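Please open the model in a viewer and keep the selection panel at hand.

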Amino acid sequence: MDFWISQLFNGVSYGALLFLLAGGLSLIFGMMRIVNMTHGSYYLLGGYVALTVIWRGGNFVLAVLLGALAIAAVGIGEWNAFLKRLSGQELGQVLTTMGFALIFQDLALLIWGGDPYTIPVPAVLSGAYTVGQLYFPVYRIFIVAVAALVAVVLWLVLERTRIGAMMRATVDDPEMARGVGINVYLISMAVFALGATLAALAGAVAGGFVGVYPGADFEILPYAFVVVIVGGMGSLKGALIGSLMVGLLDNFGKALFPELSYFTLFAPMAAILAVRPTGLFGRA
Amino acid sequence: MGGKVIGSILAALVLVATWGPGAAWAQKGPIKIGFLAPMTGGAAQVGKDMVNGLTMWLEEHGHIIAGRKVEVIVEDTQGQPNVALTKLRKLVESDKVQVLAGGLFAHVGYALAPKVDEYRIPMLYPVMAADDLTQRKPARWVVRTGWTSSQPSHPFGEWVVKTLGYKRVVTIGIDYAFGWEVVGGFQKTFEEAGGQIIQKLWPPLGTTDFAPYLSQVRRDADAVFALMVAASSLRFPRQYADAGLKARLPLLGGGTTFDEFVLPSLGDEAIGGISPLIYSAAIDTPVNRRFVKEYRARYGKVPSYYSESCYTTGQWINDAAKSIGGDVEDREKFLAALRKVEVPDAPRGPVKLDAYGNPIQNIYVRKVEKKDGELWNTVIQTFPAVSQFGKYKPEEFLKQPVYDRNFPPCKYC
């Protein structure tokens, strides 16, 4: 029993981290049909910026926020200068974002060097709660809380505000949205920036848990894509369910069938795609 | 016409006279060393430490070996066997290097060896520790200046039973050749000394979240033996502590679990970790103290075993080339010379090759301690002149298969 509870908790907390990362990717993917290979880089850069803020004497919360905001600016820049012009050219966009991913990878190596770092976590967030024989690391609870908060805020914005309605309209039918006077370009930019912000937030939060190190960008990217593909692109609910599924599958797969850990992650993905090519909650 | 010839002869004489000894070799051009290391990706810092080590040796010696100028061409393997092979081809075929060195990860070592033998160019392995390259599948042109994966594990396994008194241990090893060999070597001598491995866990290379493994660790163990590499060494101790294990089970490890390159990034959760390796920056000898001080002055950090091994590799190439008068173009002669080198005063201690081409050297048992606000691998035990076969006879040892996931089998799981 202990085993199941602690593995369940591990899976949910890893899923929470994946949600932070994949939520933004899903929005960008669904809204702009951009397969954003730079997403992993935002994750990495978010972690590095947060780390730098802490080195300069900033506290943890400030570091995470500044990391997220700085990368939002990077995302806006990338979109405005390049991706905007390639609207509708899927191959061109993929290659551009791939190019940026490689550039950011090298830039990060140049600026922060190759040393792996962890982001120091405030004392409140370290250690673990014990319940009987079970250990619940506080930081993992914190990640779940952040992800839950982000999910609720995103849901409120998307479902309850005017700007959210405009975003959803842009996802569903960009031409019609443009027709009724929605500034699709501005909305797209905002979505792109939001996606980048979330990825950077994930990177900064993950920095206290798996570390910030060269290569983290391309290590995490496949997981984010699996989440988006399983959950269905452009769907917040899909990203949430997808993240939890991937987190749990990955975790139980590794714990129960360690020899098959990749199989237990990717086989369900293939099965879902066979039955629902658009993902669980995606629309064609 | 005749005047022209005399003029060239005169010019040549002047050149020889002014350049002094070694000028004859200088006409052959520089000695080119092709160096392979991961300069990007998860192991980029290890690659940098490796290049720094070799560079430091060359800088200290004016980039001259046996009177010839030395040129190093560094190529990035990205830590991938296929990329490493492509870069090897480039170094040999288009750069025409006379000697190769470097490389990281045991599986890269296994992939490169046949190609090196095909090219018939000596390659020094300062880091890649794949056991069989100097055991069951020796590569003729590979000269190991580093170690075999299981070499430090052999004396350590026995020591853990006899000195620490741990009888029941759980192993967590990264799931690839290097991990199997380090864990396998530990298990063999640990169990022969009366210990029991009661559980073996194998997270894949590149695992970010160890929680699924940590929460399975059996509670009736005395200690955990973990083998981590590169970025996983960074995350593991903290996750180990967060999972509440540090308070209950002492953490032992392979040498790379508490690598010098990762220590500055670790927090107090790493304190107390015990691991064996061929080097520690805290070795208290004049040679090593000078090495650490110089290295720090140049690169702003404590050298790792990667730096030390590549530094010593510079010395190694030098000694071999010198002994054959700098004639590295004669590859057979150069290879033979490389195999004969003995370095009595490397920072890690005395090093010489056994009959199978692997260094006989000291193994240090290190314990992570905090000194002046920094983490160091304090040496708590030295095993002098340990061979890759430990206390076993080579012929007998070689009868057993190479260590892998299921060898030695887990009898007490």
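What percentage of the 284 residues of chain A count as buried? In this predicted model, the buried residues make up 53% of chain A.

**Chain A as a whole**

Select chain A and colour it by secondary structure. Chain A contains 11 helices and two strands. Followed from the N terminus, its elements read α-α-α-α-β-β-α-α-α-α-α-α-α. The radius of gyration of chain A is 19 Å, close to the 19 Å given by the globule rule for 284 residues, so chain A is as compact as a globular protein of that length. Along the principal axes, the C-alpha atoms of chain A occupy a box of roughly 60 × 50 × 35 Å. Among contacts in chain A with a separation of 6 or more, 74% join residues 24 or more positions apart.

**The largest nonpolar core**

Next, select Leu21(A), Ala224(A) and Val224(B). Within the largest nonpolar core, which has 214 residues, these three touch the most other members. Helix 1 of chain A (residues 2-32) provides the largest share of this core, namely 15 residues. Domain 1 (8-146 + 285-347) and domain 2 (153-283 + 362-397) of chain B both contribute residues to the core, which therefore lies between them.

Now centre the view on Leu21(A). Apart from its neighbours within four places in sequence, Leu21(A) is in contact with Tyr43(A), Ala199(A), Ala202(A), Ile220(A) and Ala224(A).

**The two domains of chain B**

The domain assignment places residues 8-146 + 285-347 in domain 1 and residues 153-283 + 362-397 in domain 2. Their C-alpha centres are 29 Å apart. Where the domains touch, 23 residues of domain 1 of chain B are in contact with 17 residues of domain 2 of chain B. On the domain 1 side, at least two residues each come from helix 3 (44-60), helix 5 (106-119), helix 10 (286-299) and helix 11 (305-323) of chain B. That side comprises 12 nonpolar, seven polar and four charged residues.

**Where chain B meets chain A**

Finally, display both chains together. Here 26 residues of chain B are in contact with 28 residues of chain A. On the chain B side, helix 3, helix 8 (211-214) and helix 9 (230-242) each give two or more residues. Helix 9 of chain B supplies the largest share, five residues. By residue class, the side of chain B that touches chain A holds 11 nonpolar, 10 polar and five charged residues.

Conventions
Residues are numbered from 1 along each chain as its sequence is written. Chains are lettered from A and ligands numbered from 1 in the order in which they are written. This is a predicted model: local features need pLDDT of at least 70, side-chain atom pairs count only at pLDDT 80 or more; totals for chains, interfaces and linings use all residues. A nonpolar core is a set of buried Ala, Val, Leu, Ile, Met, Phe, Trp, Tyr and Cys residues joined through C-beta atoms within 7 Å. A residue is buried if 20 or more other C-beta atoms lie within 10 Å of its own, exposed if 12 or fewer, and partly exposed in between; C-beta atoms are placed from the backbone. Helices (H or I, at least four residues) and strands (E, at least two) are DSSP runs, numbered from the N terminus. Domain bounds come from an automatic or database domain assignment. Two residues are in contact if their C-beta atoms, placed from the backbone, lie within 7 Å. The radius of gyration is taken over C-alpha atoms; the globule rule is 2.2 Å times the number of residues to the power 0.38. Ala, Val, Leu, Ile, Met, Phe, Trp, Tyr, Cys and Pro count as nonpolar, Asp, Glu, Lys and Arg as charged, and the others, Gly among them, as polar.
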